[in-house]
Amino acid sequence: MPPISIPRKPLKLIDRVSAINWNRLEDEKDLEVWDRLTGNFWLPEKVPVSNDIPSWQQMSEEEHTLTMRVFTGLTLLDTIQGTVGAVSLIPDALTPHEEAVYTNIAFMESVHAKSYSSIFSTLCSTEQIDAAFDWSEQNEFLQKKAEIVLDYYEGDNPYKRKVASTLLESFLFYSGFYLPMYFSAHAKLTNTADVIRLIIRDEAVHGYYIGYKYQKGIAQLTDAERADLQDYTYDLLNELYDNEVGYTESLYSGVGLVEDVEKFLHYNANKALMNLGYPALFPAEICDVNPAILAALSPNADENHDFFSGSGSSYVMGKAEETDDDDWDF
Amino acid sequence: MTPNDAAVAVAPADHAESAASTPEFAATGAPIGALVYFSSASENTARFVAGCRFQDEGINVYRVPLKASEPALNVREPYVIMVPTYGGGVIKKAVPIQVKRFLNDPENRAWIRGVIASGNTNFGEAYCAAGDIISAKCHVPFLYKFELMGTPEDTAAVKNGLVQFFGTLEPR
């Protein structure tokens with residue numbers, strides 16, 4: 001299979017490096033977010049996706065195709081964010097700790113990209129997987145989405161890069177995230193949904209942090225420069241939104257979910273803007289997300305959580321405790 | 001502080017410290033109640049509060065200090081507290097440490113009447129968990145939830161809701 005075929009320019013690397021001192025913080029947020037991200041660390045192997053095989057076998061051919069197309073689309077975005085997006089933010093970092101946080105974000109995006117492959121290899125045949133990747137190469141909306149974002153990552157404006165990155169983390173993923181949440185609400189692929197919830201949780205911290213750094217950065221600019229960036233943000237959001245509507249139709253029109261997905265897009269676009277410190281764009285009446293989807297975002301007892309073999313997004317990691325001599329005195 | 005305390009010629013140092021703080025935004029006219037909020041360096045909650053202009057409705061607005069080195073906040077009138085949910089999905093860490101410090105002071109806690117929390121549905125069951133925790137610990141109603149810096153609909157709902165809510169409280 002050929003790689004995503006957009007000609008790429010080399011990324012700028014950081015100019016200088018000094019040893020990072022985590023005991024001398026310039027921005028407390030860096031440590032706070034580092035701790036959150038490392039505390040949330042997970043790997044797809046922890047979630048028993050194979051428990052979804054019976055559910056997968058009962059789903060229609062159309063649902064299979066849709067699922068795989070959605071996941072290849074998400075794989076492309078995570079790959080971009082892992083190998084280009086988060087890395088391109090490093091040279092713009094205001095503190096060495098911010099650089100370190102981006103390396104964590106980049107790595108986790110690669111974990112996310114790999115999780116889709118791990119779901120595929122559990123549920124699908126090689127032919128099905130190849131067909132879905134071929135589709136993602138051919139889908140004009142998906143390719144355009146990748147192209148728009150990549151252009152900004154390679155541009156020379158550090159603020160625009162952060163805007164593009166925040167919109168990717170907090171908005172562009174959601175046309176895809178909708179589907180596993182929809183299935184989960186209908187008791188289908190519930191373990192796969194657990195993987196997606198872990199990804200959603202990570203993306204929420206990423207969008208929050210990059211948006212926060214954007215706001216810190218533009219605080220130093222003039223009013224006119226800030227106004228330009230705000231206009232640019234809404235323009236880019238509109239451009240991406242129009243493309244996203246086309247993408248949504250190309251995926252979901254066959255199953256009659258277009259309108260429902262669009263509401264979810266409006267809702268998340270507003271949240272992406274808020275992460276950048278800007279007011280919401282879409283009015284409440286077109287953001288009334290299906291309550292079943294919102295409920296599916298929150299893992300609950302209805303799901304087949306297997307405490308002993310499973311983990312899921314409500315999984316609690318074991319804590320190690322120091323032993324002392326008394327523990328061994330029987 | 002009772003009127004008698006105020007009459008003591010030389011107040012002990014610790015009493016002087018726990019005197020009521022000055023609001024960040026003082027109510028225009030006679031105050032009907034107060035809002036205490038916390039906002040981290042991201043300023044999401046601060047933006048929401050600024051957009052609500054509670055002071056115009058007769059509500060004193062106090063901000064919980066971000067840094068431990070700043071003077072502690074002392075509120076001595078009925079208030080609703082507004083907090084963002086922390087912890088990135090970890091419920092145990094949902095209440096910001098600064099808010100815990102503020103509520104750990106029994107004199108502050110005596111005046112809490114309700115809680116409003118913000119959060120992000122992307123954090124699953126931890127969405128607005130700070131509100132559930134404070135509501136349970138302080139035995140006060142959880143009045144409202146909103147996401148990040150809120151929408152215009154949230155602003156209207158909270159503004160009208162608080163005015164109504166303070167109207168239902170016993171007169172001071």
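Analyst: At 0% relative accessibility, A:Asp78 counts as buried, where buried means under 20% relative accessible area, exposed over 50% and partly exposed in between, with a 1.4 Å probe and protein chains only. The model is predicted: local features need pLDDT of at least 70, side-chain atom pairs count only at pLDDT 80 or more, and totals for chains, interfaces and linings use all residues. Residues are numbered from 1 along each chain as its sequence is written, chains are lettered from A and ligands numbered from 1 in the order in which they are written, and side-chain values use heavy atoms, with hydrogens and water left out.

The UniProt record, an unreviewed entry, assigns the feature "binding site" to A:Asp78, A:Glu109 and A:His112; its positions are given in the numbering used here, feature names are shortened, and annotations may be inferred rather than shown by experiment. These residues are spread over 35 residues of sequence, yet they cluster in space, with a largest C-alpha distance of 6.4 Å.

A:Asp78 belongs to helix α3 (residues 61-89) of chain A; helices (H or I, at least four residues) and strands (E, at least two) are DSSP runs, numbered from the N terminus. Leaving aside residues up to four places away in sequence, A:Asp78 touches A:Glu109, A:His112, A:Ala113, A:Tyr116, A:Phe173 and A:Glu203, contact meaning heavy atoms within 4.5 Å.

A:His112 lies in helix α4 (residues 96-123) of chain A and is buried, with a relative accessible area of 0%. With residues up to four places away in sequence again not counted, the contacts of A:His112 are A:Trp42, A:Asp78, A:Ile199, A:Asp202, A:Glu203 and A:His206.
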